[in-house]
Each structure stands twice: as structure tokens, then as C-alpha cells.
Amino acid sequence: MKIKIRTLSLIAILFIISAFTPTELTIIYSKDVNKMMSGKTKYVILDVRTPGEFNSGHIKGAINIDVNQMDVYTKIDKLDKNAKYIVYCRTQNRSQVVGNYMISKGFKEVYKMQDGIVGWLASGFPTE
């Protein structure tokens, strides 16, 4: 009887944990990102465009990892999986690939800025 209770308890605990573990990329927009960045929570902003695109203007504090480079996944694998990430590109395609990869590798919290830097600029938000 004790074994059944322990087994059922373990199954319940695993179910609860899995319910709070994201299994999909969370889609947000530039206006959401702007609000999130002004809060107390720290986010790593990951720009997956080319260095040329990045240098032409990026969100303040963003880290550039070019999705077109051969070592992109090696670089991503070295990132802290427990940090909170916002991934963006020009519009949405490259960030989708990287965001899905991050989720598949066990990153806990990954947001994809759906409208990318194009949406960010259209909203009038600053770049550096």
C-alpha cells in the first residue's frame, strides 16, 4: 500500500512539474519586450541577425549570435539555460529557428519577438 501511495505521489509531482515547464516558444511583440525590459526581471536579449545588421542598430544590451554561422548552436549551448531570453531577428524567421532550438535543449524561459527589429523600429523604440 505504501509503495502505491509513493508511486502515485511521485507521478503527481512529475505531472505538476511538467505542467509548469514550457514546451513551446512564447510569442511576444516589441511593445511587450519594451515593457518587460523596464521591469525588475532581467532578460538576456539575443539578436540572431548578421553582425552587419546588428551593427546597423540593435536593442540596447543585446547579444549578437549570428544564426548563419556554423558555430551558432555551440554558442547557444554555452548560454545559461536558467536565464530568461528574448530572441529576435529582422522579422521572425531566424528567431523562430533559434528559439525552438533553445526550447528543445532545455532552456527554461524563451520568448520570441514576433515582429523583430522591424516592429521595434516601427514602434519608435530606441536602438544603439
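This is a predicted model: local features need pLDDT of at least 70, side-chain atom pairs count only at pLDDT 80 or more; totals for chains, interfaces and linings use all residues.

Colleague: Nice. How far apart in sequence are the parts that Glu 109 and Lys 84 tie together?
Modeller: The side chains of Glu 109 and Lys 84 meet in a salt bridge at 3.4 Å, N to O. Glu 109 is in strand E5 (residues 109-113), while Lys 84 is in strand E4 (residues 84-88), so the parts joined by this pair have a sequence separation of 25 residues.

Colleague: Arg 49 also forms a salt bridge with Asp 47; are those two buried or exposed?
Modeller: Their closest N and O atoms are 2.8 Å apart. The search of the whole structure finds four salt bridges, and this is one of them. As for Arg 49 and Asp 47, both are buried.

Colleague: Now to Tyr 88. Is this residue buried or exposed?
Modeller: Tyr 88 lies in strand E4. Its contacts beyond four places in sequence include Leu 46, Val 48, Ile 59 and Met 113, and Asp 47 and Arg 49 are also among them. The relative accessibility of Tyr 88 is 0%, so Tyr 88 is buried.

Colleague: How far apart in space are Tyr 88 and Ile 59?
Modeller: In sequence, 29 residues separate Tyr 88 from Ile 59. From C-alpha to C-alpha, the distance is 9.5 Å.

Colleague: Which element gives the most residues to the largest nonpolar core?
Modeller: That core has 17 residues, and Leu 46, Val 48, Ile 76, Val 87, Val 98, Met 102 and Val 110 have the most contacts inside it. Helix H4 (72-77), strand E4 and helix H5 (93-104) each supply at least two of its residues. With four residues, the element that gives the most is H5.

Colleague: How many residues does the second, separate core have?
Modeller: Among its members are Val 33, Ile 45, Met 113 and Phe 125.

Colleague: What is the volume of the largest pocket?
Modeller: Its lining includes Met 36, Met 37, Lys 40, Tyr 43 and Lys 60. The lining residues divide into four nonpolar, three polar and three charged. The volume comes to about 160 Å³.

Colleague: Last one: what pattern does the protein follow along the sequence?
Modeller: There are six helices and five strands, and buried residues make up 34% of the 128 residues. Of the contacts between residues at least 6 apart in sequence, 66% join residues at least 24 apart. Read along the sequence, the pattern is α-β-α-β-α-β-α-β-α-β-α.

Definitions and conventions
Residues are numbered from 1 along each chain as its sequence is written. Side-chain values use heavy atoms; hydrogens and water are left out. Buried means under 20% relative accessible area, exposed over 50%, partly exposed in between (1.4 Å probe, protein chains only). On a 1 Å grid over the protein atoms alone, a cavity is a set of points where a 1.4 Å probe fits but cannot get out, and a pocket is an open set with protein on both sides within 12 Å along at least five of seven lines; lining residues have an atom within 4 Å of a point. Grid points are joined across faces, edges and corners, and a volume is the space filled by probe spheres set on the points. Ala, Val, Leu, Ile, Met, Phe, Trp, Tyr, Cys and Pro count as nonpolar, Asp, Glu, Lys and Arg as charged, and the others, Gly among them, as polar. A nonpolar core is a set of buried Ala, Val, Leu, Ile, Met, Phe, Trp, Tyr and Cys residues joined through side-chain atoms within 4.5 Å. Contact means heavy atoms within 4.5 Å.
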